[in-house]
Amino acid sequence: MGRFDEAIATYTTAIDLSPTADWRLFSNRGHARSDKGLHDAAIDDLDKAISLNPQSEHSYLVRGIAKFAKGLRQEAAADWEKTVELDPTLASGWGYLGVEKLSRGLFEAAIKDLSRAIELDSKNASALGNRGYAHYSLDLYDKAIADFDQALAVDPNHVNSYIGRGAAKRSKGLTDEAIKDYTQAIQLNPKDELPWYNRGIAKDAKGHHEDAIKDYDEAIRLLPTYPEALANRGNAKARLGLIDEAVLDWEKALQAAPQGWSYRVEVRDRLAARGLDVVFKEANRLHGLKQYAKAILLFKGIVESHPGTPRAIDSAYNVACGYALLGQKVEALDWLEKSADIGWKDAAHIEHDLDMDSLRDEERYRKLVERLKRK
């Protein structure tokens, strides 16, 4: 009935009343504690149950669940291996073994164990759904959808299968159908951040960026440290031109993400590009105000910090323009040649650029223009 506190209290009373408590009391209290999320206490109970009855496959099964929840994956797998050794016909044992392999990215091995669970219990919606995720991870989208369909036929309220089927359909380009699946998952469990996030991605893909942001907002409200949702909300805002807000989201995503986050480099690159754009824009503004010395400093900084980029090439050319306008011809020619060396190719632009008027009679200027024309 989900009344875990009452169950735990009743088992505790029974254990206290019995000088030689039955192993089942410890096993069942451990199960109730595991369901409540009291994993350490659950493991203590299940250790006791197993010491009293080393042949209790149920105790190994539940202890594995508690250990897996604590991140002790290897120990959990050992318990589930013992479960199926004691009872090879227990579908849930094979199902959990499949989940453990799925969590390590061993998708083909996971499919093997999950298929065994399904053979033993064709109505096991969790095993069907998890096999769907394994097929999805191998880009076998049709097989994944078939698994999710079967899981939902068994249990129409299986939220994870709606989410998984939505992901598989989105990968096949069936974005509208994916949105329907995510919406169904949200209706079944509006407190789960995952379908909100995934529906946001699907709406983003359709160009509905404002609607996508609303879904990301809800995902982040439910899980404020959701790095993927923060990063994608930033992307959606950037597409709408809300750059400052996008930058805030990208920064929050980097702060919230674990060290090995796979999108860290991509988000850092977006921030770096945005920062580069801001500096380049400011340098151009100063140049337009005839504050050439200040502009030169900013443009030089871009050349040094972002070598090889188009912005660096443009900045080197702009440094040359600034020096030319300041009457510092040697520095102007040095930077004009440098801009050509790192990638500037437009001789016609140089010839028509009024900023370069002070250099027209210089031999180095003429040689450079001729060299670019030959290229």
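Predicted model: local features only at pLDDT ≥ 70, side-chain atom pairs only at ≥ 80, totals over all residues.
**Helix H12 and its surroundings**

- Because 10 of its 13 residues are buried, H12 is largely enclosed by the rest of the structure.
- The buried residues of H12 are Pro195, Trp196, Tyr197, Asn198, Arg199, Gly200, Ile201, Ala202, Lys203 and Asp204, and they pack against helix H10 (159–171), helix H11 (175–188), helix H13 (209–222) and helix H14 (227–239).
- At the start of the helix, a side-chain oxygen of Asp192 comes to within 3.0 Å of the backbone nitrogen of Leu194, while just after the helix Gly207 adopts a positive phi of about 85 degrees.

**Nonpolar cores**

- The largest nonpolar core has 31 residues, and those with the most contacts inside it are Leu336, Ile350, Met356, Leu359 and Tyr365.
- Two or more residues of this core are given by each of helix H16 (264–288), helix H17 (292–305), helix H18 (310–326), helix H19 (329–342), helix H20 (347–352) and helix H21 (363–374), and the largest share, eight residues, comes from H18.
- Once its neighbours within four places in sequence are left aside, Met356 is in contact with Tyr317, Ala320, Cys321, Leu336, Ile350 and Tyr365.
- Apart from this core lies another, of 23 residues, which includes Ile201, Ala229, Ala257 and Leu271; of these, Ile201 is also one of the buried residues of H12.

**Asp45 in helix H3**

- Asp45 lies in helix H3 (residues 39–52) and has a relative accessible area of 3%, so Asp45 counts as buried under the cut-off of 20%.
- The side chain of Asp45 makes a polar contact with the side chain of Arg33 at 2.8 Å, and, not counting residues up to four places away in sequence, Asp45 touches Phe26, Arg29, Gly30 and Arg33.

**Glu75 in helix H5**

- Glu75 is placed in helix H5 (residues 73–86), and, with a relative accessible area of 42%, Glu75 is partly exposed.
- Although Glu75 and Gly64 are 11 residues apart in sequence, their C-alpha atoms are 7.1 Å apart in space.

Terms used
Residues numbered from 1 in each chain as written. Heavy atoms only, no water. Buried < 20%, exposed > 50% of the residue type's maximum accessible area, 1.4 Å probe, protein only. Helix = DSSP H or I, 4+ residues; strand = E, 2+ residues; numbered from the N terminus. Contact = heavy atoms within 4.5 Å. Polar contact = N/O pair within 3.5 Å; in protein donor to acceptor, adjacent residues only side chain to side chain. Core = buried A, V, L, I, M, F, W, Y, C linked by side-chain atoms within 4.5 Å.
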